[in-house]
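Open the model in your viewer and keep the selection panel at hand. We go from one selection to the next.

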Amino acid sequence: MADGDDGNGLRNVLVTFKSCLADNQEILMDPYLKGWKGLVRFLNTMGTIFSFISKDAVAKIQIMETFRSGDQKESYATLQSMVQYELSNSLVDLKQPGSYPTSGCRTILRLHRALHWLQLFLEALQTSEADAQTSVLCTDSYNASLANHHAWIIRKAATMAFYALPTRDAFLANMRVGTNEEAIAMLEEALPHIRKVYEVTESLYAQHNLLELP
Ligand code: 1PZ
């Protein structure tokens, strides 16, 4: 398939995150968003019960794509240039919601927190026993990450949806990278790149005091 897309397979999606990191350690917006689109496609293969989750991710991807095709597209070429541009032009609500409810900084922060969930979940999956329950792995990684930023009602809905996740075998098969062993090996190979993207973003946001944007 065109555009490095292999349908719903997860390998190419995760490889996209590897290509986010430029030589100068900046994070490139286009592959970052492309990676997210791939994750959404993958999530959608697991059933409509997850659509309230994928819809929110899609809305956030679209906000960023609009910036990437607007007047200031060059300012949004990397996460670093976005932070620099939005902060120096006072385009971010720093303490409470105000004039900029859809700033790039706060929008990427939501995806960034979700990327941490993904990292924890895939790590758990990679090291899990054959009889592990995906819903338990997913709930634990959610509680250790995203849940801390979600209102009670969202946490409730998310936790309920996790029960609809496929079994470990079916989940690994749905990744479409071959046998269970091959799928696990692919995760092991891809995870360092996800971790790196997460860490670089985390330290960028920490450096500019952006980790609690409303
Ligand atoms: C494999 C199972 C998928 C589990 C995904 C785990 C994440 C659960 C997230 C539940 C989100 C519910 C919908 C809306 C949430 C929004 O309120 C928040 C905050 O945004 P704001 O309201 O401040 O604008 N949105 C998010 O936290 C972003 C969530 C993106 C989740 C993307 C998951 C992609 C999963 C890929 C699966 C391989």
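Select H6 and helix H7 (residues 152–162). Their axes come within 9 Å and cross at roughly 155 degrees. Axes here are lines fitted to C-alpha atoms, for helices over the stretch in contact, and angles run from 0 to 180 degrees between N-to-C directions. That crossing makes H6 roughly antiparallel to H7 (angles under 35 degrees count as roughly parallel, over 145 as roughly antiparallel, 65 to 115 as roughly perpendicular and the rest as oblique). The crossing is right-handed. A crossing is left-handed if the near helix is turned anticlockwise from the far one by less than a right angle, and right-handed if clockwise.

This is a predicted model: local features need pLDDT of at least 70, side-chain atom pairs count only at pLDDT 80 or more, and totals for chains, interfaces and linings use all residues. Residues are numbered from 1 along each chain as its sequence is written, and side-chain values use heavy atoms, with hydrogens and water left out.

Now show the side chains between H6 and H7. On H6, pick Ser135, Cys138, Thr139 and Tyr142. They meet Ile154, Arg155, Ala158, Thr159 and Phe162 of H7 (contact means heavy atoms within 4.5 Å). By class, this contact has 5 nonpolar, 3 polar and 1 charged residues. Ala, Val, Leu, Ile, Met, Phe, Trp, Tyr, Cys and Pro count as nonpolar, Asp, Glu, Lys and Arg as charged, and the others, Gly among them, as polar.

Stay on H6. How many of its residues are buried? The count is 7 of the 10, so H6 is largely enclosed by the rest of the structure. Buried means under 20% relative accessible area, exposed over 50%, partly exposed in between (1.4 Å probe, protein chains only). Select Thr134, Ser135, Leu137, Cys138, Thr139, Ser141 and Tyr142 to see the buried residues. Their cover includes H5, H7 and helix H8 (168–174). Helices are DSSP runs (H or I, at least four residues), numbered from the N terminus.

H5 passes H6 in a right-handed crossing. H5 brings Trp117, Leu120, Phe121, Ala124 and Leu125. H6 answers with Thr134, Leu137, Cys138, Ser141 and Tyr142. The classes are 8 nonpolar, 2 polar and no charged residues.

Follow H5 to helix H3 (residues 51–69). Their axes come within 10 Å and cross at roughly 140 degrees, and the helices are therefore oblique to each other. This crossing is left-handed. Lys60, Ile63, Met64 and Phe67 of H3 meet Gly104, Arg106, Thr107, Ile108, Arg110 and Leu111 of H5. Here the classes are 5 nonpolar, 2 polar and 3 charged.

Jump to isoleucine 184, in helix H9 (residues 180–207). Is isoleucine 184 buried or exposed? With a relative accessible area of 17%, isoleucine 184 is buried. Beyond neighbours within four places in sequence, isoleucine 184 contacts Leu125, Gln126, Arg168 and Leu172.

Last stop: glutamine 80, in helix H4 (residues 79–88). At 17% relative accessibility, glutamine 80 also counts as buried. Its side chain reaches the backbone nitrogen of isoleucine 27 at 2.9 Å. Not counting residues up to four places away in sequence, glutamine 80 touches Gln25, Glu26, Ile27, Val200 and Leu204.

Technical notes: Helix = DSSP H or I, 4+ residues; strand = E, 2+ residues; numbered from the N terminus. Polar contact = N/O pair within 3.5 Å; in protein donor to acceptor, adjacent residues only side chain to side chain.
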